[in-house]
Amino acid sequence: MVLATMQRNERFKLAAVPRRILPPLFSCYGEGQYYGAHVDSALMGPFPGLRSDLSITIFLAPPESYDGGELIIESEFGEHSYKLPAGDAIVYPTHYLHRVTQVTRGQRLAAVTWIESMVPDPAKRRILVELAELMGWMMQTNADAKSLKKLEKTRLNLLRMWVDT
């Protein structure tokens, strides 16, 4: 069900350009439990393994049902804390240092998995997402068809150049 939901989410597919996704692992953190700072392995799953470009945490418990248990992700822009509504997810580069804070009340339930992208370079994936967002904004403002076609042509040609199937 988790994988099927990810496959139906157009924004996820646009941002991740997934080649392979591992079956999710389900985690339950009770009071006093946490997960220390770490970087996920570069290769995940059975041999020969999946190159883990992106990690995803899907929150399964309502945030008000537990205290603590925030996902902390450290990037070049500092630390960011996430405790999202049940069913919401955060996708982040696997090479970011991250941790789960101690649960002090209730249970934190989550599904986690890893994605190998067809576009392994995060900067290139970001450019593709930004071009798609720009196209969406242009469509909302009724931009002329010629400009939209040229923008989509550029995005698709970059995807073609950068994709590794």
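Analyst: Two strands pair if DSSP finds at least two bridges between them. Strands are DSSP runs of E with at least two residues, helices are runs of H or I with at least four, and both are numbered from the N terminus. This is a predicted model, in which local features need pLDDT of at least 70, side-chain atom pairs count only at pLDDT 80 or more, and totals for chains, interfaces and linings use all residues. Residues are numbered from 1 along each chain as its sequence is written, and side-chain values use heavy atoms, leaving out hydrogens and water.

Let us look at the open sheet. Four strands build it, in the order S3-S11-S8-S9, with antiparallel pairing. Strand S3 (35–38) and strand S9 (78–82) sit at the edges, each pairing on one side only. From one strand to the next, the twist averages 15°. Such angles run from 0 to 180 degrees between N-to-C directions, with axes fitted to C-alpha atoms (for helices, over the stretch in contact).

Now follow strand S8, residues 71–75. S8 and S9 pair in the antiparallel sense over five bridges. Ser75 has Gly78 of S9 as its bridge partner.

Leu71 stands opposite Val100 in S11.

Which residues make up the largest nonpolar core? There are eleven, with Leu71 and Val100 among them. A nonpolar core is a set of buried Ala, Val, Leu, Ile, Met, Phe, Trp, Tyr and Cys residues joined through side-chain atoms within 4.5 Å. Buried means under 20% relative accessible area, exposed over 50%, and partly exposed in between (1.4 Å probe, protein chains only).

Leu54 lies in strand S6, residues 54–59. Among the residues that Leu54 touches are Val91, Tyr92 and Pro93. Leu54 also touches Trp114 and Ile115. Gly36 is 18 residues away along the chain, and its C-alpha atom is 19 Å from that of Leu54.

Last, some backbone details in the loops. Most residues other than glycine have a negative phi, and most peptide bonds are trans. Val17 is not a glycine, yet its phi is positive, about 45°. Val17 lies in the loop between helix H2 (10–16) and strand S1 (18–21). Asn142 also has a positive phi, about 55°, and it is in the loop between helix H3 (122–140) and helix H4 (145–162). Val17 counts as buried because its relative accessibility is 11%. Asn142 counts as exposed, at 68%. The peptide bond from Phe47 to Pro48 is cis, with omega near 5°. Pro48 sits in the loop between strand S4 (43–44) and strand S5 (50–51).

Definitions and conventions. Contact means heavy atoms within 4.5 Å. Lists of a residue's contacts leave out its neighbours within four places in sequence.
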